[in-house]
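Reader: Could you walk me through this structure, starting with how far it can be trusted?
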Amino acid sequence: MMTETAGRRSRLEAVFGEIGAAHIALLAALLVYPVIASDFFLTQIGAYSLIFGMIALSLMMLAGYGGMISLAQISVAGLAAYTIAILGENNSGVLGFGWPWWILVPFAVAVGGIASALIGAVSARTDGIYTIMITLAIATAVFYFAQQNYTLFNGFPGFTGVRAPEFWGVRWRDPAPFYYLCLAVAVLAYGAVLYGSRSTFGLALQAIRDNPRRMRALGFHVTAHKIAAFFYAGIIAGLAGVLLVWLNGRISPGTIGVGAATNVLIIAVIGGMRHPIGPFLGALIVVLMQTFAIDIVGAERFNTLIGLVFLVIVFVSPDGLLGLWSRFKPHFAQESLRSGASAPLN
Amino acid sequence: MSVLDQRVGEGAGVGAFSRRQAWGLVWLLAAALLAWLTFAVWPAWLNAVLISKKAFVSSILNGVTLAGLYFLVASGFTLVFGLMRNVNLAHGSLYLLGAYIGYEVSARTGYWLAGVAAGFIALAIIGLAMQVFVFRRIEGDDLRQTLVTIGISIVAADLMLWMWTGTTYQITTPEWLDGAVKLPIITAYRSNGDAVFINYPFYRLVVLGVAIAVGVGLWLMLNRTRVGMMIRAGVDDRAMLSASGVNVHAVFAIVFAIGAGLAGFAGVVGGSALSVAPGEDVRYLLASLVVVIVGGMGSITGAAIGALLIGLAEQIGLVYFPTYGIVLTFVIMVVTLAIRPQGIMGRAR
């Protein structure tokens, strides 16, 4: 991609080449989306897909690069959301310390990261299906705990009346600003995962996924790498959790139930776990189905539909829709390999 | 025990215990303490610390009988896992489906035992079908199998909700199982000198007895029969078993049928003791997961130990720290994973 001619133009081209034309087109489309979309499409489809895409992205990052399928990512997001409700403002009349947003948000995200790292520490010594079992047990335990405990989590009803703050003269809870906020955070998370996958840490993580014994023999601290991956994934899930509680205005145990935990997995599997764009694609499809499947199968049987779609995807294409795509376009599947090879050795 | 095994020189020769003897003593003391706690009439200070003897003994009894139920569910789960490396996350759905089928059959025929049999047989057939039509196609791909079971559990939960709605059902037990029995455990003396005994529902004791019988039966089947021998060989080395001329697929099908059947059986038995409602599938899936994580995956003995620990933790937690009970279960799981990642009876992987 590097051109011989010097000057700003070639540098701009280089930057564009690095980012990729597809990314720029996609970003442009997402940026002009509010112009054509109604408020409903902006928040309930746009922002919702971006938020669930981020939670699924945190799973994709663990599963795709680290080989650890964690079903507890929704719990991490939920804990961050609960932190916002407990330490910020809510109108449930329980707790609600009213911290300002600029302390609250970093704190909630940190809670997500630390919670995720702890989950990682518990499950990192296991792999594959064992990780699924343990994280599912953790997710279920968190759900039951939030439901039973009234002193901290306000039990079954949870917290209501949580609002996105106003700062820099913008009411962030309005549809368009909130959409752009979600988009900005999602782009950041997406870029971070994409960049991180080519970093030394990301490459080490992928190597650990492929052969932990060899990496251990080479002197890498396998468990520490896994826990660190969980921490980063927790940061992303925590950010998504903050946005989720702002979007819904409420957080209750139902949001972090087992159904929600498997939903995140479904999103990631339908989209595909080979590339960070997969989770967002999956989230968009699932959210669209959630919204419009009512016309096809009725509101009650939605879970059957999504479950069947999930089963078909698992049977037909284990790599999700991205996997289907790569069958037609082998170039796409090779992308991560090529970028890995062209990264400088250090 | 031979002299060579003894650790000499620890206490300068005086009362040099072997490690084994020391542990034996510890267990003996623990058993004596438990026996005293159960049978003696408590002094006032102990009643003050542990709420009341009645609460304590009931929570222990509830914990042990719940453990029986958990064992019934988890033994099938761990059996299937041990042999096929298949984490059946639809196991909770099998439990709930068994409970619903047992309810329908016992309500229509009027025979509770018919319901129990129907729960076992119907689920064994469904398990067989799952193994033959679904899991055999994606054999050796653990992750895909697990994902498929998640998909199945979602669809199954939704279809069961459609079929039986959100109503809570109670499977009625026959009269000969109803009522309470007076246990020879004295909680206190009345002022006139009469002893107050603990009454406990007979049916719950039956559940415990059934669980023990099933556990012994499974153990005998695994250790004393030809099929059991094949299953154990399959757990150790699947490829080698296949190479020795055993039809591995038939063994798999049998194990899956037994595992699913036990889940259905537990569904009817549990649905009679507690209740049948949507959401129970998740509860028993969690119980199975934690029990086999703690007890060790693939081990029947481990499932029994795990079930006992989790059942007791849950019920004691319910009495002594309500709303934090689940944390106790969770702590047990985390501590086990920290000390023995493979579970108490699990083998190193």
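Author: Chain A averages a pLDDT of 79, and 86% of its residues score at least 70, where pLDDT is the predictor's confidence in each residue, from 0 to 100. This is a predicted model, in which local features need pLDDT of at least 70 and side-chain atom pairs count only at pLDDT 80 or more, while totals for chains, interfaces and linings use all residues. Residues are numbered from 1 along each chain as its sequence is written, and chains are lettered from A and ligands numbered from 1 in the order in which they are written.

Reader: Where in chain A is confidence lowest, and where is it highest?
Author: The lowest mean, 45, belongs to helix α16 (residues 330–342) of chain A, and the highest, 89, to helix α10 (residues 222–248) of chain A; helices here are DSSP runs (H or I, at least four residues), as are strands (E, at least two), numbered from the N terminus. Over residues 331–346 of chain A the pLDDT is below 50. Where pLDDT is low, the predicted coordinates should not be read in detail.

Reader: OK, and how many residues of chain B are in contact with chain A?
Author: There are 30 in chain B, facing 31 residues of chain A, with a contact meaning that the C-beta atoms of two residues, placed from the backbone, lie within 7 Å.

Reader: Which element gives the most to that side of chain B?
Author: That is α6(B), with 14 residues, and the elements giving two or more residues are α6 (142–164), α11 (280–295) and α13 (325–339) of chain B.

Reader: Switching to chain A, how do α11 and α14 pack?
Author: Helix α11 (residues 258–271) of chain A and helix α14 (residues 302–316) of chain A pack at an angle of about 45 degrees, with their axes 10 Å apart. They are therefore oblique to each other, since angles under 35 degrees count as roughly parallel, over 145 as roughly antiparallel, 65 to 115 as roughly perpendicular and the rest as oblique.

Reader: Which residues make that contact?
Author: From α11(A) come A:I266, A:V269 and A:I270, and from α14(A) come A:I306, A:V309, A:F310, A:I313 and A:V314.

Reader: Back to chain B: what about B:L61, buried or exposed?
Author: B:L61, which lies in helix α3 (residues 53–84) of chain B, counts as buried because it has 20 C-beta neighbours inside 10 Å; the cut-offs are 20 or more other C-beta atoms within 10 Å for buried, 12 or fewer for exposed, and partly exposed in between. Buried residues make up 44% of the 349 residues in chain B.

Notes
Axes fitted to C-alpha atoms, helices over the stretch in contact; angles between N-to-C directions.
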